[in-house]
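Have the viewer open as you read.

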Amino acid sequence: MNGASKSSHIRVMLVDDHPLVRSAVRQAITAPDIEIVGEVATAEDAFEVAPTVRPDVMLIDIALPGMSGIQLVRELSPRLPDTCFVMLTVSTTERDVAEAFEHGASGYLTKDLTPEALLRAVRGAHAGDLAMPRKLAARLVHRLVERGRHMSPADGTSTAALSGREREVLRLLAEGLTDRAIAESLTISTRTVETHVSSVLRKLDVRNRAEAARLYREDD
């Protein structure tokens, strides 16, 4: 952040489609050093307003109508490099947490925190601290450690975590074969193929078969 953004006066913008939530957040962070410079209900509105008011900190819900909060961060962070994007949401899924930070968030808070904790988090984010509950941070670190254990020291690819049969299934999947065709090729049942595919998706930490196939082609 630049010198202006590091002043003691913190400009905050709220992005949440629930008026009651915005009201509660506004009340929670009311302080002499805090100024609410904008409140919007959608990511699309935030995309228009934020570059004009240029907040120091944006508190953003993930589950917004239309464009999600994470998509907003991804699109807006390059335009506002001095803004701290902090997710304020009910979601505690590891995928949401990881995607938020991957796309430019500098904090991730849950809506069950106390008003005092929220105020501290806003000030901390502005100061450059990680705005994130300890338990959630611990879970994220644990996930990264587990993913690291599945990486091959030799080639650094996550597909190294797969068994030989799982790699065979993934190879055929990447070639475009259906479950039935894979089963016939490997002389196993279709249900066994489905079990292997589910295991592959879990170990590679991907959402669907297309992502798994793409990862295989990149690692191959």
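A nonpolar core is a set of buried Ala, Val, Leu, Ile, Met, Phe, Trp, Tyr and Cys residues joined through side-chain atoms within 4.5 Å. In this predicted model, the largest such core has 26 residues, and those with the most contacts inside it are M13, V15, M58, I60, M87 and Y108. Two or more residues each come from β1, β2, α2, β3, α3, β4, α4 and α6. Apart from this core lies another, of 20 residues, including V12, I29, L88 and A131.

Next, look at helix α8, residues 179-186. Its buried residues are D179, I182, A183 and L186. They sit on the same side of α8 because they cover an arc of only 100° around the axis.

| Partner of α8 | Residues |
|---|---|
| α7 | 164-174 |
| α9 | 190-204 |
| α10 | 209-219 |

R180 and E184 are exposed on the other side of α8. Just after the helix, T187 has a positive phi of about 55°.

Finally, find H9, in the segment before β1. Beyond its neighbours within four places in sequence, H9 contacts P32, D33, E35 and D56. The side chains of H9 and E35 are joined by a polar contact of 2.9 Å. Their C-alpha atoms are separated by 7.4 Å, although the two residues are 26 residues apart along the chain.

Conventions
Residues numbered from 1 in each chain as written. Predicted model: local features only at pLDDT ≥ 70, side-chain atom pairs only at ≥ 80, totals over all residues. Heavy atoms only, no water. Helix = DSSP H or I, 4+ residues; strand = E, 2+ residues; numbered from the N terminus. Contact = heavy atoms within 4.5 Å. Polar contact = N/O pair within 3.5 Å; in protein donor to acceptor, adjacent residues only side chain to side chain. Buried < 20%, exposed > 50% of the residue type's maximum accessible area, 1.4 Å probe, protein only. Arc of directions from axis to C-beta.
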